[in-house]
Amino acid sequence: MTTSTQYGLIRTLRVRNANVPGVLGTLASAIGSAGANIGNLATVHIAQTHVVRDIDVQVRDLNHLEDVLHAINDLPGVDVLETRDEVLGMHRGGKIRTVSRQPVDSIATLRKVYTPGVAEVCRVIAERPERKRLYTSIANTIAIITDGTAVLGLGNIGLAASMPVMEGKSALLSQLSGVSGVPILVEASTVEEFVDTVVRVAPTFGGIHLEDIASPACFEIVDRLRERLPMPVMQDDQDGTAAVVLGAAAAVCSQLGRELSGQRIGQVGLGAAGQAIADLLMYTTGRPVVGADVQEERLDRHRSHGGETADLKEVMASCDIVIATTGVPGLIRKEQVRKGQVVLALSNPDPEIDPLAALEAGAAMAADGRAVNNVLGYPGIWRGALAAQATGISRAMLMAAGEALAGLAPAGELSPNPLDLEVHREVARFVGRAAVASGIGSASGLDELG
């Protein structure tokens, strides 16, 4: 049975080795032979006799790290000088902060941005409420809200433990699309309590971004908030993920010379993300998606949405494209993969099957959640929705995001570079135009998208 290697830790090793050709290759081979992955590699210092480098390694756990260190230290002319946990270091003090867009560096400026000048702006908005878009941050700010019940692949780990994810979303939104995101942790014992809390704080924001909320409550929450709020509401685990997966599926079909609408698609795992992926693919292709899950309630829901159902064995045996979002590492065995099949094993941090194992088994293309990740979707979706002054997030907007991503994927890849700002600008353009075409947006703000 083939299982995916679980890389739960990242550590930075400062290594000194002899300045002799071939030593670095031997070092890299030793790390790989010990079962670790090499990430970033940076040269710190070069001397006549030695070289000092920082090497990021991905390992399963601390015991695995010790094995890697032993393998390195056994090499002649190589010494580990330091082992650092830079992941925790980068999160110390949090990843975001609130800063002023207007430096207050004089009494004259103080009187303009605060009292007495601010009263004039308050009067303008009181007389013409729509001017809040022009004179406040509301039009470019969204709330990123969770109850901490389904954080990453870690489950119900609580509100405080979910904050690093919410901060990460905010940081990426700001950097990649210029949208401000404010994390909000909501302690609620019922769906009604959660929804009421969000509705009460919603006037502060231009949109509501829901994150890491467990199924099935997430479905009811997003539906009820969309009924009660005249603004975009997006469940990123559902909407953002679905748009990015659609883009990846369309890209791979284009590169393989296939029509997406002609493919038999299987969705393994029908939780929040899985059902949303299936729904968007069915909406796009006009064909049922074959869903598999161990929970009968989820299978019933999928059938009610127009999908077909089967077990994992049947999905792997009959589907051209298989998408997995179960959170179960190693669920898909290597021998289940068929030649020419496309396998997207998207559970993070550990996929249902390692992409390399799927390719070795004959898959035409395979990827995991590192390559097909919703960071490619939500920054541009929000930029486009806010620019178009959209009153909601339509499926047409999500389809547009997927179309943009498919067109931007380089040859041989399923997705473009998530740090390429032009990727997010292009997604925003597609989404903004789709909002206007859907009748829920205004073309007056699209000029800012270029």
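Ground rule before I list any neighbours: contact means heavy atoms within 4.5 Å. This is a predicted model, where local features need pLDDT of at least 70, side-chain atom pairs count only at pLDDT 80 or more, and totals for chains, interfaces and linings use all residues. Residues are numbered from 1 along each chain as its sequence is written, and side-chain values use heavy atoms, with hydrogens and water left out.

**Entry: strand β12**

I started at β12, residues 321-324. Strands here are DSSP runs of E, at least two residues, and helices are runs of H or I, at least four, numbered from the N terminus. Ile321 and Ile323 point one way from β12, Val322 and Ala324 point the other way, and all are buried. Buried means under 20% relative accessible area, exposed over 50%, and partly exposed in between, with a 1.4 Å probe and protein chains only.

Next I checked who pairs with β12; two strands pair if DSSP finds at least two bridges between them. Strand β9 (residues 265-268) runs parallel to β12, joined by four bridges, and Ile265 stands opposite Ile321. Strand β13 (residues 342-345) is also parallel to β12, again with four bridges, and there Leu344 stands opposite Ile323.

What does Ile323 touch, not counting residues up to four places away in sequence? I get Val245, Ile265, Gly266, Gln267, Val268, Ile277, Leu281, Leu344 and Leu346.

Then the cores: a nonpolar core is a set of buried Ala, Val, Leu, Ile, Met, Phe, Trp, Tyr and Cys residues joined through side-chain atoms within 4.5 Å. The largest has 62 residues, and Ile323, Leu344, Val372, Ile381, Trp382, Met397 and Leu414 touch the most other members. Helix α10 (residues 236-256) gives the most to this core, nine residues. A second, separate core of 23 residues includes Phe205, Ile213, Ile221 and Leu229.

**Entry: His209**

I moved to His209, in strand β7 (residues 207-210). Is His209 buried or exposed? It counts as buried, because its relative accessibility is 0%. Beyond four places in sequence, the contacts of His209 include Ile142, Lys169, Met234, Asp236 and Tyr378.

I looked for cis peptide bonds and noted Thr115 to Pro116, with omega near 5 degrees. Pro116 is in the loop between α4 and α5. Ser215 to Pro216 is cis too, with omega near 5 degrees, and Pro216 sits in the loop between β7 and α9 (217-228).

Asp212 is in the loop between β7 and α9, and has a positive phi of about 55 degrees although it is not a glycine. Asp212 counts as buried because its relative accessibility is 2%.

Gln389 is another non-glycine with a positive phi of about 55 degrees, placed in the loop between α15 (378-387) and α16 (395-408). With 33% relative accessibility, Gln389 counts as partly exposed.
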